[in-house]
Every structure is written in structure tokens, then in C-alpha cells.
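Here is a short briefing for a reader new to this structure. Take a look at the model, then follow the points below.

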Amino acid sequence: MYSLNYMAADPFLSRFIVYLSLFTFFMLFLVSSDNLVQLFFGWEGVGLCSYLLINFWYTRPQANKAALKAIMVNRVGDCGLLFAIAFLYVEFQTVHLSSVFLKIFKDDFHVGFWGNSFSLLDLFGFLLLIAAAAKSAQLGLHTWLPDAMEGPTPVSALIHAATMVTAGVYLLIRMSPVLECSLIVLTATSVIGGLTALFGASVALVQADLKKIIAYSTCSQLGYMVLSCGTAQFELALFHLSNHAFFKALLFLGAGAVIHGFSGEQDVRRMGGLRNIFPIGFVTMATAAAALSSIPFFAGFYSKDPIIGVTLGQSAVLGGFLWVISTVSAAFTAFYSNSIIEIVFAEEPLGTKRQYTS
């Protein structure tokens, strides 16, 4: 309903609905897979649909560039997953996940190299981490996600906040038995996730584009999920993934309503005083911002705070480092979440008279 109303004036509405339906098919195909080949097929499909939807308004050069950046960065992750599947098949002679998990604990996968012994599970884990880092916009491979906001806002809410970008986290959760066999991969995963959480939150503090603020916020929250996977708390990662999908989609949909009703303006410095003009948008965005800020009795409080807490269960140095950056990230998140509500809705009007009367 939101998409139909938001895109009602677009002459290519039918193409948009086809792309969304195709994306839904591939996402369901991905999460219902019991083998790595089917998972890879769905993985590629959601990447393709993301490209098509970012580039939906293909006459805009910026949309072309953003779509190309998204698909090229995701190719890095696709190569990591493809090599992981190939190596796993060579080693286990199967791509069925249940068979792979059973064989992991029965055989020895150490190989000699230059007089040293290495575990093949470390290699598999690192390849899976590369795949997840690209798809879930982790530090170093995050550049495509903010630019993906060039697509229509319903796409940003559905694909680039709630579903496709969490496919990398889903992969780590689904392959958790492999990751748990490699301490070095878990450590690398937690460090990358923590740094991404801090980076995304700190960049969101200084953005002026409403959708890009929320995009960097998504990057930060994905970092929390990956951090949770790195501490082997995969159930917390899945819990935060589910909670985040709801409140971040709500935040994007509320922002889209404001942008759509405000003549397409996305710069928060030209808004202000919208509380009485968009009362429903104010309530929905304030609710989502409260959940994002981990205010007690909202969804984020029950999933993000436990992730911060489990970091202290790591070694003294690593646990202290992860706790500090995750706590600082949470403080930054609360600051920019409340700043959005303050600037867009509570302050005096900052836009033109035409924008407020149209």
C-alpha cells in the first residue's frame, strides 16, 4: 500500500512492482535454502534486484553510478561466497548444510604449509566473512549502501534497511558451526563489526541528507549484528536483526512520507516545524527513533543492550575494546536519532513558503 501510494504518479509503477515481487521471490528462496547452491542463487538474485531498483530512475546519472557501485562492491562478496562453496564442496563432497555441519566435527581439516599446520576451517570462515562484509556493508565494503539511497524510498525501507543488507548477517548465522570452529575468524568478525558500528554512527552525526543519515545508521546497526556473531552470540544477532528490520523500516517509511510531502526535499537543514503538518509522520518517526536509541521498553533496548553486554565476556583487552566502541556507538546513535526528531519536527520552519503550503 505504501509503495502504490508513494509511486502513484510514476509512469513506470508496474515495472517497480515487478522488481519488488522478484526481490521477494529471491529473498524467500535465499532464506529457505538447505544447501549452498540454492543459497547462492538467492544471494545473487537479491543483488540483481537491488541493482535494478537503485537504478530504477535510470535517466539520472547519480542513480546509474550508485547502482554500478552497489553491484561492483557486492561482486567482492559474491566471489568470497563462491570460493567458499567451491572449497567446501571439494573438501566435503556435498553442498547440503546439514551434511557439512556433521562432517566438520568428525574429521581433521589441518593441512601443512611451509612447515606449519593450518586449519581449512579458518579459510572457509574468512571467505564467508568477506561475503557477509560486502552484502551487509561492513567497514571497507560499506561504500555502496549510502549511495543506494538514490532508489525510491520504499526500496530503501524494504531492501536497504530490513532485508537484503541483512543477508550477510544471515549467512554468518546460518554458517555458525563453521565460524565457531575458528577463533581467529570470530575475533576478526567481532572487531570488524565493532568498528563498523562506531564508524556508521559517527558519520551519521554529520550528515544533512535525511535518507543518508538513516543509511549510515543502518550500517552501524549491521555492525552490531556482526559484532554479536563475532562473540558467538548468534541468537542475539538474529534477535537484533528482526527488531531492527521493524523499527528501521518504520523510520525509513516515516522519512519517505516527510520527503514526499515536502516537495522531495531531503536536506534536514531546510525542514523544521513539521510536527503539526505531519502528525502521523512525527509519531511514527519518534517511535522508531526511540527504538533505535535503545530507550527502555522499546525494541532496540532488548536486543542492542545485550550485545553490548556480551562483549565483556571476551578476553580482557578485546572485550574492553569492543565494549568501549559499542557503548560510544550507542551514545552517538541516541544523539543523531533525537537530533533528527528535533530538527525536522520541533524546531522553527527552515524551508521556503512554497514547500510548507504545497
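Contact here means heavy atoms within 4.5 Å. With neighbours within four places in sequence left aside, S3 is in contact with L13, F16, L20 and P154. This is a predicted model, where local features need pLDDT of at least 70 and side-chain atom pairs count only at pLDDT 80 or more, while totals for chains, interfaces and linings use all residues. Residues are numbered from 1 along each chain as its sequence is written, and side-chain values use heavy atoms, with hydrogens and water left out.

- Helices (H or I, at least four residues) and strands (E, at least two) are DSSP runs, numbered from the N terminus.
- S3 sits in helix α1 (residues 2–6).
- Buried means under 20% relative accessible area, exposed over 50%, and partly exposed in between (1.4 Å probe, protein chains only).
- S3 counts as buried because its relative accessibility is 15%.
- L53 belongs to helix α3.
- L53 has 0% relative accessibility, so it counts as buried.
- Beyond its neighbours within four places in sequence, L53 is in contact with F16, Y19, L20, G151, P152, V155 and I159.
- L53 and Q266 lie 213 residues apart in sequence, and their C-alpha atoms are 19 Å apart in space.
- F105 is found in the loop between α5 (97–104) and β1 (110–113).
- F105 counts as exposed because its relative accessibility is 60%.
- F105 and M175 are 70 residues apart along the chain, with 14 Å between their C-alpha atoms.

**Aromatic rings**

- A pair of aromatic rings is described by the distance of the centres and the angle of the planes.
- Rings of Phe, Tyr and Trp (its six-membered ring) pair if their centres lie within 6.5 Å; planes under 30 degrees apart count as stacked, over 60 as edge-to-face and the rest as tilted.
- The structure holds 12 aromatic pairs.
- One of them joins Y19 and F56 edge-to-face, at 6.5 Å centre to centre and 85 degrees between the planes.
- This pair links distant parts of the chain, 37 residues apart: Y19 is in helix α2 (residues 13–31), and F56 is in the loop between α3 (36–54) and α4 (61–92).
- Both Y19 and F56 are buried.
- F301 and Y302 also form an edge-to-face pair, at 5.2 Å centre to centre and 80 degrees between the planes.
- F301 is partly exposed, with a relative accessible area of 26%.
- Y302 is partly exposed, with a relative accessible area of 41%.
- F16, Y19, F56 and W57 are linked into a cluster by ring pairs.

**A charge over two rings**

- A charge sits over a ring if NZ of Lys or CZ of Arg is within 6 Å of the ring centre and within 35 degrees of the ring normal.
- R15 lies over the face of F12, at 4.9 Å from the ring centre.
- R15 also lies over the face of F56, at 4.4 Å from the ring centre.

**Pockets**

- On a 1 Å grid over the protein atoms alone, a pocket is an open set of points with protein on both sides within 12 Å along at least five of seven lines, and lining residues have an atom within 4 Å of a point.
- Grid points are joined across faces, edges and corners, and a volume is the space filled by probe spheres set on the points.
- The largest pocket holds about 310 Å³ of space.
- Its lining has 18 residues, and Y6, W57, R60, P152 and Q266 lie nearest the centre.
- Helices α12 (210–230) and α13 (234–261) each supply at least two residues of that lining.
- Ala, Val, Leu, Ile, Met, Phe, Trp, Tyr, Cys and Pro count as nonpolar, Asp, Glu, Lys and Arg as charged, and the others, Gly among them, as polar.
- By class, the lining of the largest pocket has 7 nonpolar, 5 polar and 6 charged residues.
- The second largest pocket holds about 230 Å³ of space.
- Residues that line the second largest pocket include F23, M27, L158, Y170 and L241.
- The elements giving two or more residues to this lining are α2 and α13.
- The largest share, 5 residues, comes from α2.
- The lining of the second largest pocket has 9 nonpolar, 3 polar and no charged residues.

**An enclosed helix**

- Helix α9 (residues 167–174) has 7 of its 8 residues buried, so it is largely enclosed by the rest of the structure.
- The buried residues of α9 are A167, G168, V169, Y170, L171, L172 and I173.

Definitions and conventions:
1 Å grid on protein atoms, 1.4 Å probe; cavity = no way out; pocket = protein on both sides within 12 Å on 5 of 7 lines; lining within 4 Å.
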